[in-house]
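Here is my note on the model you passed along. Please read it beside the coordinates.

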Amino acid sequence: MTVGNLTATRPQQPWAAPTASDPVTATLRLPGSKSMTARALVLSALAGGPSTLHGPLRARDTELMAGGLRAMGAHVSVSDDERWLVRPHPLVGPAHVDVGLAGTVMRFVPPVAGLTDGRVTFDGDPHARVRPLGPLIGALRSLGVRIDAPETGSLPLVVQGTGAVAGGEVVIDASASSQLVSGLLLAGARFDRGVVVRHEGPPVPSAPHLRMTVQMLRAAGAAVDDSVPDIWVVEPGPLAGRSWEIEPDLSGAVPFFAAALVTGGEVTLQGWPHNSLQPVEQLRSLLQRMGAAVTLTTAGLTVRGTGTVRGLSADLSDVSELTPALTALAMLADSPSTFTGVGHIRGHETDRIAALAREFTGLGADLTETADGLEIRPRPLHGGTFRTYADHRMAHAAAVVGLAVPGIELDDVACTSKTMPEFPALWSAMVTGKS
Ligand SMILES: O=C(O)C1=C[C@@H](OP(=O)(O)O)[C@@H](O)[C@H](O)C1
Ligand SMILES: C=C(OP(=O)(O)O)C(=O)O
């Protein structure tokens, strides 16, 4: 099978990270949450009636999700930036799903393919083939789905859908990614016997993302029990079409908030809801411990810095996707930092622990990899080339350091299109005071 999307060969876009000469002051309206958009698309495609997503994220990951569901027969209209429409339609193969480098697409769509009548093939960017997928393949097989996959338990996959999945109880080691559980739960209500997922192994990371899955399933009418740690029960039943309000993407906002800390400025994210499905309290606590003031007012979520960043020792397993931006902050702090609990991010878009250590060492930093995190001892940095490894959050980290360190050039900023194509423009506007 050929690689579905040769994004690795797309033209790279070098970018000089702008340095901030003044404190940044910005009020931003950022795109919708990647995680909520992905879940809303899947639940809508499996629902009994039409749905509308208000304020979705338009980025590579979510367009691939829409494209994958469309390939299997769902009617997904993304022509209006503010409102995406999904009309469910019987899911049929043959279909091909390009997962790009999106964990959400490679873990959420194969269970949906099991419900499809026909053959569905999956492949993605070269690095997608080494991201963990084996536990999901094993779980789906034991729930009655026929899957052809390499012995390595990775992409490319062929799901031989029959239009129905028996479902029932399954044991999975989801320590490599919470998405392995979320994928089973999102489709599980439509399995004949629903699904009972029992995790066995080292801790599952990203608990807030699992809570988001459960809350969105319930909002779509599913009966879900997550009262016992590491066991999730989704009863069989219909899912309702509905209107989804997608919150602004909190993870995408973090580099902008980091800019407030680094420069002693103030950044407000507009349109922040009072009741969020994203881990805003965990973020608030981390940023406060690093020296920021974080407030939620009618204007939005505001982060104010003093220009002095404090070192931090923290277990980041709940918010592991923030590790690159927090590592950038830690390198500019007044004392050392230790981050733990994120060994699984070695399986993210790139091995983030190794990539952060390698690239920032190249800019003069003193940081060491541990099995499950990083130790960072701040010292003066210098400019140079920073490789992003097709990882949007590596680009964010370099941009944050670039605010304080002149001469950092990213080899490719276009990788930010994975979750925020407008990142370079928004970032430059913030630094030059035009946002
Ligand atoms: O379910 C989701 O939307 C996500 C879950 C997390 O994955 P991991 O548990 O693999 O870290 C997170 O890092 C990723 O960016 C999005
Ligand atoms: C880990 C991430 O993405 P994915 O959904 O591809 O796993 C991320 O966005 O930081």
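1. Basis. This is a predicted model, in which local features need pLDDT of at least 70, side-chain atom pairs count only at pLDDT 80 or more, and totals for chains, interfaces and linings use all residues. Residues are numbered from 1 along each chain as its sequence is written, while chains are lettered from A and ligands numbered from 1 in the order in which they are written.

2. Overall form. The C-alpha trace spans about 60 × 45 × 45 Å along its principal axes. Buried residues make up 57% of the 435. Buried means that 20 or more other C-beta atoms lie within 10 Å of the residue's own, with C-beta atoms placed from the backbone; exposed means 12 or fewer, and partly exposed is in between.

3. Secondary structure and contacts. The protein has 12 helices and 23 strands. These are DSSP runs, numbered from the N terminus: helices are H or I with at least four residues, strands E with at least two. Of the contacts with a separation of 6 or more, 74% join residues 24 or more positions apart. A contact needs C-beta atoms, placed from the backbone, within 7 Å.

4. Domains. Domain 1 covers 7-31 + 248-431, and domain 2 covers 34-245. These bounds come from an automatic or database domain assignment. The C-alpha centres of the two domains lie 28 Å apart. Their contact takes 21 residues from domain 1 and 24 residues from domain 2. On the domain 1 side there are 7 nonpolar, 10 polar and 4 charged residues. Here Ala, Val, Leu, Ile, Met, Phe, Trp, Tyr, Cys and Pro count as nonpolar, Asp, Glu, Lys and Arg as charged, and the others, Gly among them, as polar.

5. Ligand 2. Its shell consists of A102, G103, T104, E321, H348, E349, R393 and T419. A residue joins a shell if its C-beta atom, placed from the backbone, lies within 6 Å. By class the shell has 1 nonpolar, 4 polar and 3 charged residues. Both domains give residues to it, so ligand 2 lies between them.

6. Ligand 1. This shell has 13 residues, of which S35, S177, S178, S206 and E321 come nearest. α1 (34-45), α3 (103-114) and α5 (179-188) each give two or more residues to the shell. By class it has 2 nonpolar, 10 polar and 1 charged residues.

7. Which feature does UniProt place at E321? The unreviewed entry gives "active site". UniProt positions follow the numbering used here, feature names are shortened, and annotations may be inferred rather than shown by experiment. E321 sits in the loop between β18 (313-315) and α9 (323-331). It counts as buried because it has 25 C-beta neighbours inside 10 Å. Leaving aside residues up to four places away in sequence, E321 touches S251 and R393.

8. In α5, 10 of its 10 residues are buried. In α11 (residues 392-402), 11 of the 11 are buried, so this helix is largely enclosed by the rest of the structure. Among the buried residues of α11 is R393. The buried residues of α11 pack against α7 (250-263), α9, α10 (352-361), β22 (384-386), β23 (408-410) and α12 (423-431).

Conventions: Two residues are in contact if their C-beta atoms, placed from the backbone, lie within 7 Å.
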